[in-house]
Amino acid sequence: MTSSVLVAPSLLSADPLRLAEELSDVEQKGADWHHVDVMDGHFVPNLTYGPPLVRALKKFSKIPLDVHIMVSNPEDVAFDYVDAGADVLSFHIEAATHGHRLVSALKARGVKAGVAINPGTAIESLWPLLPEVDLVLIMSVNPGFGGQKFITDASSRVNAVDERLKILGRRSEVRIEVDGGINEETGAAVVKAGADVLVAGSYIYNTQDRENRITSLKEIR
Ligand code: DX5
Ligand code: ZN
């Protein structure tokens with residue numbers, strides 16, 4: 001992608017008792033997408049949101065919902081989140097039995113299909129899906145919690161995907177998103193490597209200075 005960087009604040013770090021206010025606040029301060037982390041207590045050691053909450057978020061939100069499902073057997077629940085209003089739906093390559101089939105089915109339903117990958121998974125395992133996907137979500141922490149430290153190797157993984165997409169002639173069609181430990185410094189490193197969507201939870205929500213932080217991420221070139 002050659003357009004400017006998109007910023008997706010992660011709801012995981014928002015105040016859970018004031019979600020509506022929190023959504024509006026980051027929208028007014030320049031957020032491009034809301035990143036919604038779905039965790040099942042099995043694929044990752046934490047539990048979060050079900051489809052009813054996503055449906056409520058969708059009714060209220062003025063910007064796209066970027067739903068990241070960290071669940072075992074994503075084929076079983078992905079379409080519940082699509083029905084609830086996900087605009088982008090990313091599942092984990094480690095969890096899907098038929099990842100290629102799931103990507104095709106998501107696209108056939110008109111949702112943007114993303115594939116997410118953990119830090120410990122060989123990046124080349126994405127290659128068979130790159131001709132089909134709309135988005136690649138590269139984890140720069142081990143998923144499950146907000147506020148963890150960025151794993152430096154993520155930048156070279158972004159670069160590898162960027163190069164591979166260029167070889168396939170798909171670089172302008174596929175977004176590369178990075179999730180975990182993003183701040184101005186780590187954000188700059190991954191954008192330099194080719195990222196075009198930055199997820200940031202604690203860096204945006206855990207501060208009084210949300211507007212400046214969103215703007216500073218969006219201005220990374
Ligand atoms: C981690 C989630 C992330 C998380 C990022 O499992 O996928 O989206 O909310 O939080 P920060 O930006 O605080 O690392
Ligand atoms: Zn996420």
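A residue is called buried here when its relative accessible area is under 20%, exposed when it is over 50%, and partly exposed in between (1.4 Å probe, protein chains only). The model is predicted: local features need pLDDT of at least 70 and side-chain atom pairs count only at pLDDT 80 or more, while totals for chains, interfaces and linings use all residues. Residues are numbered from 1 along each chain as its sequence is written, and side-chain values use heavy atoms, with hydrogens and water left out.

**The sheet**

Helices (H or I, at least four residues) and strands (E, at least two) are DSSP runs, numbered from the N terminus. Two strands count as paired if DSSP finds at least two bridges between them. An open sheet is formed by 8 strands in the order β1-β8-β7-β6-β5-β4-β3-β2, with parallel pairing. At its edges lie β1 (6-9) and β2 (34-39), each of which pairs on one side only. On average, neighbouring strands of this sheet are turned by 20 degrees against each other, direction ignored.

Strand β3 (65-70) is largely enclosed by the rest of the structure, because 6 of its 6 residues are buried. In a regular strand the side chains alternate between the two faces of the sheet. From β3, Leu65, Val67 and Ile69 point one way, whereas Asp66, His68 and Met70 point the other way; all are buried. The parallel pairing of β2 with β3 extends over 6 bridges, and His35 stands opposite Asp66 in β3. Elsewhere in the sheet, β6 (residues 135-139) and β7 (residues 175-179) run parallel and are joined by 5 bridges. Val136 has Ile176 in β7 as its bridge partner.

**Helix packing**

Two packed helices are described by the angle between their axes and the distance between the axes. Axes are lines fitted to C-alpha atoms, for helices over the stretch in contact, and angles run from 0 to 180 degrees between N-to-C directions. Contact means heavy atoms within 4.5 Å.

| Helix pair | Angle | Axis distance |
|---|---|---|
| α3 and α4 (residues 99-108) | about 15 degrees | 11 Å |
| α1 (residues 19-28) and α2 | roughly 45 degrees | within 11 Å |

Angles under 35 degrees count as roughly parallel, over 145 as roughly antiparallel, 65 to 115 as roughly perpendicular and the rest as oblique. Helices α3 and α4 are therefore roughly parallel, and α1 and α2 are oblique to each other. A crossing is left-handed if the near helix is turned anticlockwise from the far one by less than a right angle, and right-handed if clockwise. The crossing of α3 and α4 is right-handed, and that of α1 and α2 is right-handed.

For residue classes, Ala, Val, Leu, Ile, Met, Phe, Trp, Tyr, Cys and Pro count as nonpolar, Asp, Glu, Lys and Arg as charged, and the others, Gly among them, as polar. Pro74, Glu75, Ala78, Phe79 and Val82 of α3 meet Leu102, Ala105 and Leu106 of α4; this contact has 7 nonpolar, no polar and 1 charged residues. In the other pair, Leu19, Ala20, Leu23 and Ser24 of α1 meet Leu53, Leu57 and Phe60 of α2, a contact with 6 nonpolar, 1 polar and no charged residues.

Helix α3 (residues 74-84) also lies across β2, β3 and β4 (88-92), at about 160 degrees to β3.

**Leu47**

The loop between β2 and α2 (51-60) contains Leu47. With 64% relative accessibility, Leu47 counts as exposed. Apart from its neighbours within four places in sequence, Leu47 is in contact with Met39, Asp40 and Gly41. The C-alpha atoms of Leu47 and Met139 are 18 Å apart, with the two residues 92 residues apart along the chain.

Methods. Chains lettered and ligands numbered in written order.
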